[in-house]
Each structure stands twice: as C-alpha cells, then as structure tokens.
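Subject: Structure handover

Hello,

My notes on it follow below the model.

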Amino acid sequence: MFLSRKRAYARAGLLGNPSDGYNGKTISLSVRNYWAEVVLYEWDSVEIVLADDDRAKFESVHELARDVRLHGYYGGIRLIKATIKRFVEHCASRGLTLHDRTFSIRYHTTIPRQVGLAGSSAIIVATLRCLMEFYGVEIPREAQPTFVLLVEQEELGITVGLQDRVIQVYEGLVYMDFDESREHTVDGLRAYFYEPLDPALLPPLYVAHHETLGEPTEVFHNNIRERFRRGDHAVVDAMRCLAGIAAQGREALLARDGARLAQLVDANFDTRRAIYRLPPWQIDMVDTARRCGASAKFAGSGGAIVGTYDTESTFENVSRRLAAIGSCTVKPQVV
C-alpha cells in the first residue's frame with residue numbers, strides 16, 4: 001500500500017523581515033528542532049484525520065478559552081483542505097491528469113503556535129510534498145513557495161509574505177531578493193531570486209519563543225500593509241532599510257564577520273520597532289536577551305526571537321533569563 005511521510009520545519013527570519021512582503025530582501029534559516037509532519041496513505045475515500053489542534057471537546061469553558069488563546073480558532077484541517085483544492089486546480093491549469101485513487105491524510109506538528117515560527121505554512125509544505133509523491137506530479141522547487149503563499153492568501157485570506165515558504169521549501173540557509181526586477185514565472189507561478197548559502201557560515205545562534213503568549217500573523221501585519229499601500233514614508237523607508245540590512249548581512253556572512261552580523265540583527269529589530277506598535281512582552285524578550293550580551297530580533301511576526309551570541313556562558317544566561325519570563329530557548333538545528 002502506498003504511504004508518504006513528509007516533514008517541513010520551523011524557520012527563523014535572520015535578517016530583513018518583514019520586508020519580504022514589500023519587495024524587500026531577507027535571510028532565513030531552518031529550525032529543525034520543530035517540525036510539521038504529514039502522512040498520506042491510500043484509502044477507500046478521501047479522509048482528513050483530526051489532530052490534537054483540531055479538538056472540539058473541552059473540560060470547561062475556561063479550558064476552551066485557553067486553547068483559543070494558545071492555538072487560535074483553527075487547526076490544520078483548513079490548511080490541508082485548502083492545499084488539496086489548490087493542488088487539484090493547479091494541475092488542471094497545467095493540463096495534468098490526476099489518477100482516481102483516494103487517500104487518508106493526517107498531520108502532527110511540534111512547531112509552537114502563533115509565535116512567528118511558520119507553523120501553518122509548514123503543514124502546507126509537508127502536505128504538498130505528499131500530494132506530489134502520491135500523484136507523481138512535480139511542481140518545480142522555485143515555484144513551490146508561491147503555490148504555498150497562494151493557498152494562504154487566496155484560499156484562506158491570511159496576510160503573509162514569501163520568506164517562510166521559500167526557506168521551508170529550500171531548507172538550510174537562504175538569501176532572498178524579492179525586488180520586482182527579480183520577478184519571473186515558473187510553472188505559471190511567480191518566483192524571485194533565492195540563493196542557498198552554506199549554513200557553516202553562521203555564527204552561534206539561539207532561537208527563543210514564548211510558551212504561553214502569541215499573536216496570529218495576520219493581526220501583526222495588517223496595519224503596516226495598508227500604510228505601505230498608501231505610501232506612508234516611514235513604512236516605505238523602513239522596508240527599504242530592512243532590505244538593505246539583509247543585503248549587508250549576506251556580505252557579513254560570506255566574510256564570516258560575526259560582530260557585524262550581530263549589529264545588523266539589532267538594527268533590524270530597532271528599525272521594525274520604529275514602525276510597529278509592539279506588545280510589551282515581545283519587546284521584553286528582545287531586551288532581556290540584549291542585556292545578556294546577545295543580539296536579538298523577532299524571528300517572525302512576534303512571540304519568537306533569534307540572535308547571535310559569543311560564548312556558551314552568554315547562551316546559558318540568555319536561556320535562564322528568558323525562562324524567567326516564560327520563554328524557551330534552543331540552539332537551532334539548521335541542517
């Protein structure tokens with residue numbers, strides 16, 4: 001019997017984010033400590049199996065309220081349904097005939113929810129990989145990030161950029177340039193410039209996420225996107241600055257200049273802070289890490305941070321101080 005088991009990993013935006021949604025540049029890395037796994041096997045009907053995140057039974061209304069605060073109103077079922085629908089339509093648009101065998105599909109994820117580590121797109125990427133294997137269809141790697149983006153944007157109405165989808169498709173460490181001059185079409189889908197970099201270029205890194213608080217990415221981005229569309233000078237200039245930080249970060253990595261990279265990480269957060277209204281608990285995570293001598297910035301939309309550190313004692317101090325304010329710290333496994 002056919003069985004496909006695929007994983008996609010969490011990610012941390014090292015530099016440039018959130019300019020990826022605004023024709024900017026970013027550097028992002030895989031965080032293989034956390035993953036989403038999808039299993040697809042031949043079945044007598046098309047069935048999506050409920051996972052823990054799709055639970056609808058609770059001990060009390062207080063437990064229900066806590067679950068919604070931690071996980072939002074939606075689990076992974078809508079992500080898988082939207083991916084299957086979009087896959088069928090994409091294949092039809094490319095003149096590809098799908099066989100009529102059916103399947104059961106289920107997912108499991110260890111990626112912390114709503115802290116900016118790209119848990120939703122990981123489920124979509126893993127689902128897409130299973131579908132491509134089951135049907136013997138290969139969407140070119142360069143086109144896959146936009147496929148995943150459109151599942152979220154057009155099927156589910158989620159405001160997102162391409163960065164997360166690129167790094168989860170390519171994995172490792174990737175520099176991305178989303179400038180309009182880099183745009184081209186692959187398999188009917190938009191693509192830009194994606195440059196894999198050697199993860200060995202990275203200095204020591206940590207990633208930390210809050211264990212009880214989070215915020216959906218669509219809430220985080222909506223106001224800024226509208227200001228950008230209106231041509232708000234502060235937002236437009238900040239996105240241009242963030243893109244420049246990513247480009248400088250690429251050069252710092254290639255030169256193995258860890259001190260310069262740390263400066264750019266801090267500058268990335270300071271630029272972002274100038275245009276966003278940030279929750280105090282998210283700022284506290286960054287400030288706590290910086291007081292320990294580490295650099296720090298948001299890893300995504302907020303609730304998780306990433307940064308560099310010099311010594312093991314610094315990492316231990318960061319871990320201890322962040323634990324005291326409710327955060328878990330790991331050394332990211334990039335490869």
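In helix H7, the buried residues are Val235, Ala238, Met239, Leu242, Ala243, Ile245, Ala246, Gly249, Ala252 and Leu253. Buried means under 20% relative accessible area, exposed means over 50%, and partly exposed is in between, with a 1.4 Å probe and protein chains only. Helices (H or I, at least four residues) and strands (E, at least two) are DSSP runs, numbered from the N terminus.

This is a predicted model: local features need pLDDT of at least 70, side-chain atom pairs count only at pLDDT 80 or more, and totals for chains, interfaces and linings use all residues. Residues are numbered from 1 along each chain as its sequence is written, and side-chain values use heavy atoms, with hydrogens and water left out.

H7 covers residues 233–254. Its 22 residues should span 32 Å at 1.5 Å a residue, and the end C-alpha atoms are 32 Å apart, which agrees. The expected span is 1.5 Å times one less than the number of residues. At the start of H7, a side-chain oxygen of aspartate 232 comes within 2.9 Å of the backbone nitrogen of alanine 234. After H7 comes arginine 256, with a positive phi near 55 degrees.

Helix H4 (residues 144–155) has 12 residues and should span 16 Å; its end C-alpha atoms are 16 Å apart, which agrees. H4 is largely enclosed by the rest of the structure, because 9 of its 12 residues are buried. These are Gln144, Pro145, Thr146, Phe147, Val148, Leu149, Leu150, Val151 and Glu152. The cover over the buried residues of H4 includes helix H2 (77–93), H3, helix H5 (163–170), E7 and strand E8 (193–197). Just after H4, glycine 157 has a positive phi of about 70 degrees.

Nonpolar core

The largest nonpolar core has 103 residues. Such a core is a set of buried Ala, Val, Leu, Ile, Met, Phe, Trp, Tyr and Cys residues joined through side-chain atoms within 4.5 Å. Helix H3 (residues 119–135) gives the largest share of this core, 11 residues. The residues with the most contacts inside the core are Leu14, Leu15, Phe87, Leu117, Tyr194, Tyr206 and Ile305. Tyrosine 194 touches Glu142, Pro145, Leu162, Val166, Tyr170, Val174, Tyr175, Met176 and Phe178, not counting residues up to four places away in sequence. Contact here means heavy atoms within 4.5 Å.

Glutamate 37 lies in strand E2 (residues 25–43) and is buried, with a relative accessible area of 13%. Its side chain makes polar contacts with the side chains of arginine 5, at 3.2 Å, and arginine 7, at 3.0 Å. A polar contact is a pair of N or O atoms within 3.5 Å; within protein, one must be able to donate a hydrogen and the other to accept it, and residues adjacent in sequence count only if both atoms are side-chain atoms. Leaving out residues up to four places away in sequence, glutamate 37 touches Arg5, Lys6, Arg7, Arg106, Tyr107 and His108.

Threonine 329 is in strand E12 (residues 327–330) and is buried at 16% relative accessibility. Apart from neighbours within four places in sequence, its contacts are Tyr206, Val207, Ala208, Phe315, Val318, Ser319 and Leu322.

Cysteines

The whole structure has 0 disulfides, where a disulfide is a pair of cysteine sulfur atoms within 2.5 Å. Cysteine 292 is buried, with a relative accessible area of 10%, whereas cysteine 328 is partly exposed at 24%.

Backbone points to check by eye

Most residues other than glycine have a negative phi, and most peptide bonds are trans. The peptide bond from asparagine 17 to proline 18 is cis, with omega near 15 degrees; proline 18 lies in the loop between strand E1 (3–15) and E2. Glutamine 114 has a positive phi of about 55 degrees, lies in the loop between strand E4 (102–109) and H3, and is buried at 19% relative accessibility. Aspartate 187 also has a positive phi, near 55 degrees. Aspartate 187 sits in the loop between strand E6 (184–186) and strand E7 (189–191) and is partly exposed at 23% relative accessibility.

Regards
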